Amino acid sequence: MATYILFWNPGISSYTRDRFICDFDEREDVGNWSFHEHEEVKAGDTFYMVKCGEGKTGIVMRGTIESECYEDEDWSPKRRHPIYYANIETDTCINPWSEAALLTPELLTAKLPDFNWHGGHSGRKLDEAMAQKLDEIWFSYLDCNPKMFSNEEAWIWNNSSLIPESVKEKLIEKRGRGCEVCGYDYARVFGPDCAGHNDLSVSPRPLKSPILKRLFYNICLNCHQAPKEVLVDKVKGL
C-alpha cells in the first residue's frame, strides 16, 4: 500500500477551521480530499495531512484512503479542471488550535529532507522507504505525547489495526515480547520458533489516561478484554 501527503491551509480552503472543529468534536471524517498524484491511488492506501499556512503547522491527521480517485468540481473559486478526489477515513486527529505539540514541518524536514513538508500540491506520494520511516516517526511521536489524548486535544481509534506491521513489531521488540499486564509471552510458552506468531497473542494497544507516560502498551488478547481502567491501573508504574 502507498502513502500520500495531503496539505491543508484553512485560510484558503473550503474545509474551514470551524468545519474542522465540528468534525473533531464529533469524531467525524473529513469526507474527501483532492489528490495531485491521483493515477495510482487505491482504497487501503494511507494518508497523512499536514496543516500549513498561519498558526501552528504540522501533521494533524493520519488515516486510510477509502476509494480510488474520481473527477469532480473544483472546491476553489479558481474552477481548475480537472480535479481528482478520493474518500478518506481518519484514524488519528490532532487539534492544531489546542495546546498539543504537532510534528512540525521543521522536525519532518530534519528526519526526511527529500520532501517539501511546508506545502505545495496536495496528494503527493511518498516512496516506500520514506513512508516506512514516516510511520516510525509518527507512532514514536504519538507514544511520547500521551497527554494530548487524555486532554481531549487529540483522538485516536482504540485498536491496534491502525499500526503498520513493521511499526507494531518494533513496539513489541522495544518493550519485550511479553504482555505488559500479565507477563504472558507466546514464544516463552511455545518455544522461540513460534516467536513470529507473537502478534496472535500480544499487540500494542493505545491506552489514554493522564497518569500514563506513554500511549502504546503491549497487551495480550486476554488482557485486551479487561476494562480500560483496570489495564491503566496495571501499567501505571511502567
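How much space lies in the largest cavity? I found about 40 Å³. This is a predicted model, where local features need pLDDT of at least 70, side-chain atom pairs count only at pLDDT 80 or more, and totals for chains, interfaces and linings use all residues. Residues are numbered from 1 along each chain as its sequence is written, and side-chain values use heavy atoms, with hydrogens and water left out.

**Cavity.** On a 1 Å grid over the protein atoms alone, a cavity is a set of points where a 1.4 Å probe fits but cannot get out; a pocket is an open set with protein on both sides within 12 Å along at least five of seven lines; lining residues have an atom within 4 Å of a point. Points are joined across faces, edges and corners, and a volume is the space filled by probe spheres set on them. I count one cavity of 30 Å³ or more. Its lining includes Tyr15, Asp23, Trp155 and Cys93. Helix 1 (17–26) and strand 6 (83–94) each give two or more residues to that lining. Helices (H or I, at least four residues) and strands (E, at least two) are DSSP runs, numbered from the N terminus.

**Second largest pocket.** I get a volume of about 430 Å³. It has 23 lining residues, and Met1, Thr46, Arg62, Asp135 and Pro164 are the closest to its centre. Helix 3 (128–144) is one of the elements that supply at least two lining residues. Helix 3 gives the largest share, four residues.

**Cysteines.** I searched the whole structure for disulfides (cysteine sulfur atoms within 2.5 Å) and found zero. Cys52 is buried at 12% relative accessible area; buried means under 20%, exposed over 50%, partly exposed in between (1.4 Å probe, protein chains only). Cys223 is in no disulfide either; the sulfur of Cys220 is the nearest, at 3.6 Å. Cys223 is also buried, at 13%.

**Helix 5.** Which residues of helix 5 (residues 165–175) are buried? I list Val167, Lys168, Leu171, Ile172 and Arg175. Glu165 and Lys174 are exposed on the face turned away from the buried side. The buried residues pack against helix 3, strand 9 (202–206) and strand 10 (216–220), with contact meaning heavy atoms within 4.5 Å. Just after helix 5, Gly176 takes a positive phi of about 90°.
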